[in-house]
Each structure stands twice: as C-alpha cells, then as structure tokens.
Amino acid sequence: MRILRAAGRAAAPWSNGGGVTREIAVHPPGAGWDGFAWRVSLADVTRDGPYSPLPGVRRILTVVDGAGLELTVDGTPRLLPGRYRPYAFPGGATTVSRLLDGPVVNLNVMLRDGRAAATVEVVAGSWSPEREPAPGPEPDGRVAGGRGTAGGPDLVGGPDPAGGLLVVALEGATRLTVPGESGESEVWLERFDAALWAGPDALPDGLRTDGTVAVVRLWGGPLG
C-alpha cells in the first residue's frame, strides 16, 4: 500500500488556461501522456472551454467539488449537476465543458483502450472489498475501458500489476483498516489524500469515513 498525500502534488496548468491538474497516480509509474495504461488525477476547472482530444483513451469524470457542469460530447449535452456522479465518455470525442455555477474540481480516471479498465464508486459510511458497486444516478459512468465487474479478473495478484485499488478521500476524515503481519493497523486520510494497492499488495479489510470517498477499482492486462 502507498499513501499519496494531497499536499505533495504539483499543479500542472492546462495549455488553454482553463485550470490545473494534479496527478494522484499513474501506471506505469512516471508514465507520460503517450505511455500510461491508466491515470487518475484531480483537476481544478475555472472556466468553460473545450477538452483536449485523447484518441484511444476512455475517461470517467466525477465532479467532487462545486455546483456541477454540462459536458457536450460529440454534440450531445450531458448535465452533471452537483457532485459525485461518475460519467464515462471517449477521450477522442469532441468535448466542451460548461460550468453551471462557478469553478469545480473533477476526479478524472483515464484508461488506455485495450490496456486498462475501471469502475468508480462514490461511497459514504463504510466499504469492504467484497462489496459490489451499487447502482447510482449515472450507471453508464461506472465502467470504462471494455471490462465490467462481473466475471472480470482479480483486482490484485493477477498477471499484470496494472490492476489494483485506489481510494481517494473526497470529504471528511477516512479511516482504513489495513491487514499486516503483526495484525491490523489504521491509516487516516484527509481530504484528497489517497491510498493505492497494486500488484500483489493486500487489500484493506475495509474503510470507514465520516464523509465521502471515491473507490476506483482497476484492471490491467489484455482486455476483450
């Protein structure tokens, strides 16, 4: 398990000046735009404007702060009012974002076609690894990259270390119960902190939060 504190993230400005992005995690570690299998980041969006096209990439966008936005994807508008509504769309599509009422913060999951898949679930209260993602207001936004949860490969310990589990604290304090050789231990996450389990790492026994977290399940390896 790796703890990824929000305080250590550098802000990268967008080329169009519409916001900044802070990378949470990427696979392979250190990969750039042309080499990642998956990438998870937080973006501060301060004004309306187009998204950079990303052919060959699937995206899951979740507004985690602010009043929401409207995405127009290849001419079709999609309203995402409020927070915590994961929405999947092709990165290569012509996409324009319109803020509904001021700046927002988006959680962005990017998945290279044929190399990675993911689900994004927003959880309040408690969660365990055995829990299946619950239906939500945006069910088409919970799976991307060509693989769902049913019948999928193991999240960890599979043939490709790209798979794993990422927990991002969105609101309130989050307590993780982590198994270890000497028994269980507790890890606390504050807002926008994250914890990543990859490859053969042991999953957490569970988590409890006083607020809200995003649970991102990741699969790697050849898909289809």
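What follows is a short chat about the sheet and the salt bridges.

Modeller: Ground rules before we start: this is a predicted model, where local features need pLDDT of at least 70, side-chain atom pairs count only at pLDDT 80 or more, and totals for chains, interfaces and linings use all residues. Residues are numbered from 1 along each chain as its sequence is written, and side-chain values use heavy atoms, with hydrogens and water left out.

Colleague: On to charges. How many salt bridges does a search of the whole structure find?

Modeller: The criterion is a side-chain nitrogen of Lys or Arg within 4 Å of a carboxyl oxygen of Asp or Glu. One of the pairs is R22 with D44, at 2.7 Å, N to O. Searching the whole structure, the count comes to seven.

Colleague: Why does the R22 and D44 pair tie together parts that are apart in sequence?

Modeller: R22 is partly exposed at 28% relative accessible area, and D44 is partly exposed too, at 25%. (Buried is under 20%, exposed over 50%, partly exposed in between, with a 1.4 Å probe and protein chains only.) The pair ties separate parts together because R22 lies in strand β3 (residues 19-27) and D44 in strand β4 (residues 38-45), a separation of 22 residues.

Colleague: And R39, is that buried or exposed?

Modeller: R39 meets E23 in a salt bridge at 3.1 Å, N to O. E23 lies in strand β3 and R39 in strand β4, so this pair ties together parts 16 residues apart in sequence. E23 is partly exposed at 32%. R39 has a relative accessible area of 10%, so call it buried.

Colleague: Last one: how many residues apart are R98 and E70?

Modeller: Their side chains meet in a salt bridge at 3.3 Å, N to O. R98 sits in strand β10 (residues 95-99) and E70 in strand β7, so to speak distant parts of the chain, and the gap is 28 residues.

Methods:
Helices (H or I, at least four residues) and strands (E, at least two) are DSSP runs, numbered from the N terminus.
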